[in-house]
Amino acid sequence: MVSEAAEIVARALEDDARAHERGELGELVPRIAAVRRQVLPINDIPRPVFKLALRFWKAWAQVQRHGARYRGPVENSEWPQMARTIAEHVRLGTMPSDRRVIDVFVRRRSSLTWRDLKVLFEKSG
């Protein structure tokens, strides 16, 4: 049986995948925050799987924020399928065997864009 926390996260990822395909995907950051608030008190998703889901979702949000300026390892058309793969494994409580998902979201450190670096330096000054 799938836990309530896993179902909430998986369903949200799948909803976002459908919205992306319809061209109706809105701002993801508030959605991620709302799902986290709902899940954290009941979270029994294995930590590596939950961490992967959040890392993936935050990367997707960053792509949405940067739009056409995004030059990363994932093509725009790949996000929905990756979201479905991760949703499936959130429900199972296992890490996916999809090599691409692992290479991009588990083994790889995310890099900051010049714009993000500029914001960091402005805040520290």
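Guide: One term to begin with: helices (H or I, at least four residues) and strands (E, at least two) are DSSP runs, numbered from the N terminus. This is a predicted model, where local features need pLDDT of at least 70, side-chain atom pairs count only at pLDDT 80 or more, and totals for chains, interfaces and linings use all residues. Residues are numbered from 1 along each chain as its sequence is written, and side-chain values use heavy atoms, with hydrogens and water left out.

Visitor: OK. How many residues are in the largest nonpolar core?
Guide: That core has 36 residues. A nonpolar core here is a set of buried Ala, Val, Leu, Ile, Met, Phe, Trp, Tyr and Cys residues joined through side-chain atoms within 4.5 Å. Buried means under 20% relative accessible area, exposed over 50%, and partly exposed in between (1.4 Å probe, protein chains only).

Visitor: Which helices supply at least two residues each?
Guide: Helix H1 (4–22), helix H2 (28–39), helix H3 (47–66), helix H4 (79–92) and helix H5 (99–105). H3 gives the most, with eleven residues.

Visitor: And which residues have the most contacts inside the core?
Guide: Val9, Leu13, Phe56, Trp57 and Phe105.

Visitor: Take valine 9. What is it in contact with, leaving aside neighbours within four places in sequence?
Guide: Val35, Val39, Ile45, Phe50, Ala53 and Val90. Contact means heavy atoms within 4.5 Å.

Visitor: Why would such side chains gather?
Guide: In soluble globular proteins, nonpolar side chains tend to be buried together.

Visitor: Switching to rings. How many aromatic pairs are there?
Guide: The count is five. Rings of Phe, Tyr and Trp (its six-membered ring) pair if their centres lie within 6.5 Å; planes under 30 degrees apart are stacked, over 60 edge-to-face, and the rest tilted.

Visitor: How is phenylalanine 56 placed against tryptophan 60?
Guide: Their pair is tilted, at 5.5 Å centre to centre with 55° between the planes. Both sit in helix H3, four residues apart, which is about one turn of the helix.

Visitor: Are those two buried or exposed?
Guide: Phenylalanine 56 and tryptophan 60 are both buried.

Visitor: What about phenylalanine 56 and phenylalanine 105?
Guide: Their ring centres are 5.2 Å apart and their planes are at 75°, so that pair is edge-to-face. Phenylalanine 56 is in helix H3 and phenylalanine 105 in helix H5, so the pair ties together parts 49 residues apart in sequence. Phe56, Trp60, Trp79 and Phe105 form one aromatic cluster.

Visitor: Now charges. How many salt bridges?
Guide: Nine. A salt bridge is a side-chain nitrogen of Lys or Arg within 4 Å of a carboxyl oxygen of Asp or Glu.

Visitor: What does glutamate 7 pair with?
Guide: Arginine 91, with the closest N and O atoms 2.9 Å apart. Glutamate 7 is in helix H1 and arginine 91 in helix H4, so this pair ties together parts 84 residues apart in sequence. Glutamate 7 is partly exposed, at 23% relative accessibility. Arginine 91 is partly exposed too, at 25%.

Visitor: And which salt bridge joins arginine 31 to aspartate 16?
Guide: One with N to O at 2.6 Å. The pair links distant parts of the chain: arginine 31 in helix H2 and aspartate 16 in helix H1, 15 residues apart. Aspartate 16 is buried, with a relative accessible area of 4%.
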